[in-house]
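Subject: Structure handover

Hello,

Please find the structure below. My notes on it follow.

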Amino acid sequence: MNTIICGLQWGDEGKGKIVDYLTESADLVARGQGGNNAGHTVLANGKKYILHLVPSGILWGNKTCVIGNGVVMDPVGLCKEITTLEEQGITITPELLLISDRAHVVLPYHRELDAAREAALGKNKIGTTKRGIGPTYADKANRIGLRLADFHDEETARELIDIRLQEANETLTRYGLPTFTTDEVLDEVRPAIARLLPHVTNVIPTLHKAWKEKKTILFEGAQGSLLDIDFGTYPFLTSSNTTAGGACTGSGLPPTAIERVIGVCKAYTTRVGSGPMPTENDDISAYFHARGMEFGATTGRARRCGWLDTVLLRMAVMVNGVTDLAVTIVDGLDERESLKICVAYDIDGERHEFPPATRSGWDKATPIYEELPGWQSDTTAARSWDDLPENAKTYLNRLSELVGAPVSFIGNGPEREQTIIV
């Protein structure tokens, strides 16, 4: 089945592991949004791989991987990633990695514009990775961006950069940040563009041919639903559609091609960066950080941690059309004596089972919890539902009931084989 895998929280849910696990039965693995502000950590064959732009399917060696038009691509960053993967023994050829010629390019001035925006926001800063993702998407929406196709002719790219830098440099000067000449921009990205151009093509016919031939296509989401530009905790989110719909608009395949949507969530909640997080809990954060867990794959920042929030998950399941849940890092809760699940918010004395749209609503949201007993036993050796402790089963069944989707996959450790199919 053609499947979308998307995160249901603020990213970092363990999507890379689920994609990697399901890639064995896939023919193509496609990425449709985001940039190298995302990071997927995958443990396979005794090695640790960290991917930012390259789809996780590349680790299998015989799968076609596609970076779609909805991705904003840092050419220098992508080349570094490819080099790192090749040094780890991964083969990456123009046949195995296809990049859409319609993908927008992150250029050096986008990163500085990102820093300028954060500086302007002061205490209200978003907490972006400053990788230039937001400004690149803004240029795309404003119709002043550059796509990979524009670099087939450097003179075309030069003219477009000349025009864009007039305004960009004014903004950077205002904030005391470095400005750019067109030659500086081109000199920085030219070697990377040259290396990537053999991979650049119109990927839409390739995807449609695979669909018509009934091959299996796996769509790998980046970030999570609560960072979606429309459905997330606005304005503390990313600049792309991280929900299931983004896989279609970001690849060129229609919704009729999709047969399954797997929503990935942790057995608890984490977030990196600023913004509301009603179930954030200092005790849970200290618990994970003391174990060396919950540090960002892209930034290394300590993640904010909290109890499982089914108010947010309930909404995410709805907007993604989730058919199956994948619950990861269940083993992370093995030592907890008792567990809490947020089932609703109290906002000004009223019970809310869906997240608010108003900023003041987020400020006032107080979690309403149910408490369940922990299992206090090691789950990492479990290979089936029946192997799990009864209290773990109760916890997962309650999660499924509260969000309205069945649990189909359980992650109980970082390795490929530590994945239970229900």
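**Aromatic cluster**

Tyr287 is buried, at a relative accessible area of 9% (buried means under 20% relative accessible area, exposed over 50%, partly exposed in between, with a 1.4 Å probe and protein chains only). This is a predicted model, in which local features need pLDDT of at least 70 and side-chain atom pairs count only at pLDDT 80 or more, while totals for chains, interfaces and linings use all residues. Residues are numbered from 1 along each chain as its sequence is written, and side-chain values use heavy atoms, with hydrogens and water left out.

Tyr287 forms one aromatic cluster with Tyr268 and Phe288. Rings of Phe, Tyr and Trp (its six-membered ring) pair if their centres lie within 6.5 Å; planes under 30 degrees apart count as stacked, over 60 as edge-to-face and the rest as tilted. By this rule there are four aromatic pairs. Tyr268 and Phe288 are stacked, because their ring centres are 4.2 Å apart and their planes are at 20°. Tyr287 and Phe288 have ring centres 5.0 Å apart and planes at 75°, so that pair is edge-to-face. Tyr268 counts as buried at 2% relative accessibility, and Phe288 counts as buried at 0%.

**Sheet**

Helices (H or I, at least four residues) and strands (E, at least two) are DSSP runs, numbered from the N terminus. Two strands pair if DSSP finds at least two bridges between them. An open sheet of 10 strands has mixed pairing and the order S9-S7-S5-S2-S10-S1-S11-S15-S19-S20. Its edge strands, S9 (200-201) and S20 (419-421), each pair on one side only. Strands S1 (residues 3-7) and S11 (residues 260-266) run parallel and are joined by five bridges.

Regards
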